[in-house]
Amino acid sequence: MNIQDIEQEKQQALAGIAAAADEKAVEELRIRYLGRNGLLQDIMKGIKDVPNDQKKEYGQRANSFKTEVLDAVNARKETLAAAGGQTGAGIDLTLPGAWPSLGTRHPISALIDRAVGIFRSIGFTVAEGPDIEDAFHNFDALNTPESHPSRNPADTFYLEDGTLLRTHTSPVQIRYMETHKPPVRIIAPGRCYRRDTPDATHSASFHQLEGLYVAENVSLAELKGDMEFFVRRLMGREDIRIRLRPHFFPFTEPSVEVDYSCHVCGGEGCRVCKHSGWIEIGGAGMVDPNVFKAVGYDPEKVTGYAFGMGVERMAMILYGIPDIRLLYENDVRFLRQFR
Ligand code: PHE
């Protein structure tokens, strides 16, 4: 036997002893390694064949084999004795098991799925686009002029190559119409990015739910009806009404902001609706003819509505979440509430 063999045998012995299931098994191993006809004896006998200049080291290795294996035997015997003679004994089988802790869906993902499900039930299909956009899809094709404040680097994250992090999900409208003929009826959930200073209601990264319906003779009344259907299903209240307030977006004309009668008080006024009876759910409008031109649709033939809703805002209203940052901190005590 040479020095390396001793080392290898030792490692094997230590591993075997540490894994021994009961005291009998440990004793057997002790005999195999340290007993009168054990491996240690072979090692000792081997020293006579070792060249003189290596005898000293060989002796030291043999010695450490002996002490380490003996220590391991004693340690294992002690552990097993403490565990009641053998591992496995002394366990109370009537105790309840240890349950693995199950994860939960994040409330934003769960809400997106629910909202998408409602729109799918009335014929919408899901579309997606890239988070990294170019200025054409995020702004130009959406009729947003070079001078528009939202294009400012103080509001929009630009990458070095001139691309940008999309500031809304509206570029998905453009990408979808570029590659599909009308009629179009899509719902596009996704992340958006704006250079906002984080506070209780702002985050530099958030989610929107975009909708687009283009066909012959689509009207604002259909927008109102579909919004009403959606909010009623989402809030589980059939008496919810929709109110459209005039607004401005470059890519819709006319543009509106969509409010619904408060799902908590029914419009009477309460804390949730800040005593107004109404809650805003998103921006919307009739697709601007310039947008149709940018994607090669004929604005004389088709009309359409589009809307964009903030998912975090919706979640905060629905679940009474006071601070948007709670949605990103992933504190399990918060997340577990949405099981
Ligand atoms: N893109 C708009 C926003 O981010 C929302 C919107 C979408 C408005 C579609 C009108 C039509 O605020």
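## Exercises on a predicted model

The shell around the ligand holds five nonpolar, seven polar and two charged residues. Here Ala, Val, Leu, Ile, Met, Phe, Trp, Tyr, Cys and Pro count as nonpolar, Asp, Glu, Lys and Arg as charged, and the others, Gly among them, as polar. The model is predicted: local features need pLDDT of at least 70, side-chain atom pairs count only at pLDDT 80 or more, and totals for chains, interfaces and linings use all residues. Residues are numbered from 1 along each chain as its sequence is written, and side-chain values use heavy atoms, with hydrogens and water left out.

**Exercise 1. Describe the surroundings of the ligand.**

Step 1. Find the neighbours. There are 14 residues around the ligand, each with a heavy atom within 4 Å of it. The closest are His 168, Ser 170, Arg 194, Gln 208 and Gly 308.

Step 2. Assign strands (DSSP runs of E, at least two residues, numbered from the N terminus). S6 (205-215), S9 (278-287) and S10 (303-310) each supply at least two shell residues. S10 gives the most, with three.

Step 3. List polar contacts to the ligand (pairs of N or O atoms within 3.5 Å).
- His 168: a polar side-chain atom lies 3.0 Å from a ligand nitrogen.
- Arg 194: a polar side-chain atom lies 2.9 Å from a ligand oxygen.
- Gln 208: a side-chain N or O atom is 3.0 Å from a ligand oxygen.

Step 4. Check the cover. On its own, the ligand has 320 Å² of accessible area (Shrake-Rupley, 1.4 Å probe). The protein covers 91% of that area.

**Exercise 2. Classify the packing of H1 and H4.**

Step 1. Take the helices (DSSP runs of H or I, at least four residues). H1 spans residues 3-19 and H4 spans residues 52-82.

Step 2. Read the geometry. The angle is about 0 degrees, and the axes are 9 Å apart. Axes are lines fitted to C-alpha atoms over the stretch in contact, and angles run from 0 to 180 degrees between N-to-C directions.

Step 3. Classify. H1 is therefore roughly parallel to H4, a label for angles under 35 degrees.

Step 4. Inspect the contact (heavy atoms within 4.5 Å). H1 contributes residues including Ile 6, Lys 10 and Leu 14, and H4 residues including Tyr 58, Phe 65 and Val 69. By class, the contact has 13 nonpolar, two polar and seven charged residues.

Terms used. Angles under 35 degrees count as roughly parallel, over 145 as roughly antiparallel, 65 to 115 as roughly perpendicular and the rest as oblique. A polar contact is a pair of N or O atoms within 3.5 Å; within protein, one must be able to donate a hydrogen and the other to accept it, and residues adjacent in sequence count only if both atoms are side-chain atoms.
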